[in-house]
Each structure stands twice: as C-alpha cells, then as structure tokens.
Amino acid sequence: MEAIKRTLQGEIVIEKVNLIRATMHEAFEIKEILNDDIFDYNKIIIDLTSCDYVDSTFLGALVFSYRKIKEKNGTFALVISNGFLSKSFLYSDISSIFKVYYSLKEAIENLTDTNKKETISEEH
C-alpha cells in the first residue's frame with residue numbers, strides 16, 4: 001500500500017495518508033506532493049483517518065501547504081478520525097487554521113457545496 005495515495009473527486013484532489021504515524025520522515029514527501037497539487041488544483045483534502053499520530057514536522061508541512069494554497073484563494077481541508085488524533089488537533093487549536101472534518105464524505109460535500117454557493121452568488 002502506498003504511504004500517500006492521490007485520488008480525484010471532480011475538482012477536488014484527495015491525498016490519503018496511509019500511515020499510523022506521520023512523522024518527519026514523510027514530511028518532505030507530503031510537502032512535495034502538495035506543492036504539485038497546489039499547482040494543478042484549488043481544492044485539496046488531506047485524509048488523516050488512518051493516522052494515530054502526526055508529529056510537528058509533518059504538521060508543519062501541512063501548514064506550509066495551507067499557506068501556499070491560500071495565496072491562490074484555494075481550499076485546504078483535513079479529515080481526521082474521531083479518536084486520539086482529533087483530540088490532539090483540537091487541543092493544539094489546529095482546527096482554527098484548517099477546515100477539519102470527521103469523514104471524507106462530509107469534506108467532499110462541503111467543498112462541493114462551497115463551489116455551488118459561489119456559483120449561485122456570482123450569478124445574482
């Protein structure tokens with residue numbers, strides 16, 4: 001199984017992190033992957049539901065990528081499990097930076113709905 005697997009859902013790119021522990025060893029890889037994604041896409045979801053642990057270096061790579069996509073008015077969302085990782089993210093106040101969801105379906109629906117709302121508001 002690939003450590004990080006890309007799939008597309010319409011205009012949204014989804015990067016599934018298939019690791020129990022996302023650490024500095026994978027931080028450079030995710031940063032490169034997301035850099036390529038940001039060049040080609042405006043909506044990115046990072047699926048961390050398989051992760052029990054994300055270290056500060058890996059999280060730093062996500063924050064770096066978040067800032068880059070915000071520069072081009074893109075959207076960056078995280079999907080986390082409802083267990084230990086979610087508590088870590090909430091206690092570290094990381095949810096004030098990222099859009100955080102507890103299911104991939106919810107994230108896709110919200111990013112897709114954002115598109116529809118923007119289209120509707122542009123027409124009026």
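Predicted model: local features only at pLDDT ≥ 70, side-chain atom pairs only at ≥ 80, totals over all residues.
## The chain as a whole

The chain contains four helices and seven strands, and, read from the N terminus, these elements follow one another in the order β-β-β-α-β-β-α-β-α-β-α. The chain has 124 residues, of which 40% count as buried.

## Salt bridges

Side chains of opposite charge can pair when their charged atoms come close. Arg-6 counts as partly exposed at 41% relative accessibility, whereas Glu-15 counts as buried at 1% and Asp-37 counts as buried at 0%.

Another salt bridge joins the side chains of Asp-47 and Lys-16, at 3.8 Å from N to O. Here too the pair links distant parts of the chain, with Asp-47 in strand E4 (residues 43–47) and Lys-16 in strand E2 (residues 12–17), 31 residues apart. Asp-47 is buried, with a relative accessible area of 6%, while Lys-16, at 21% relative accessibility, counts as partly exposed. Through shared partners, salt bridges join Arg-6, Glu-15 and Asp-37 into one network.

## Aromatic rings around Tyr-66

The count of aromatic pairs comes to three. In one of them, the rings of Tyr-66 and Phe-76 have their centres 6.3 Å apart and their planes at 75°, so this pair is edge-to-face. The pair links distant parts of the chain, with Tyr-66 in helix H2 (residues 56–71) and Phe-76 in strand E6 (residues 75–79), 10 residues apart. Both Tyr-66 and Phe-76 are buried.

Tyr-66 forms an edge-to-face pair with Phe-98 as well, at 5.4 Å centre to centre and with 75° between the planes. Phe-98 lies in the loop between helix H3 (84–91) and strand E7 (99–101) and Tyr-66 in helix H2, so the pair ties together parts that are 32 residues apart in sequence. Tyr-66 counts as buried at 18% relative accessibility, because the cut-off for buried is under 20%, and Phe-98 is buried with a relative accessible area of 3%.

## Two loop residues

Asn-73 sits in the loop between H2 and E6, and its phi is near 60°, a positive value in a residue other than glycine. Most residues other than glycine have a negative phi. At 68% relative accessibility, Asn-73 counts as exposed.

Thr-23, by contrast, is buried, with a relative accessible area of 12%. Thr-23 lies in the loop between strand E3 (21–22) and H1, and its C-alpha atom is separated by 8.5 Å from that of Leu-59, although Thr-23 and Leu-59 are 36 residues apart along the chain.

Note on methods: Residues numbered from 1 in each chain as written. Heavy atoms only, no water. Phe/Tyr/Trp six-rings, centres within 6.5 Å; stacked < 30°, edge-to-face > 60°. Buried < 20%, exposed > 50% of the residue type's maximum accessible area, 1.4 Å probe, protein only. Salt bridge = Lys/Arg side-chain N within 4 Å of Asp/Glu carboxyl O.
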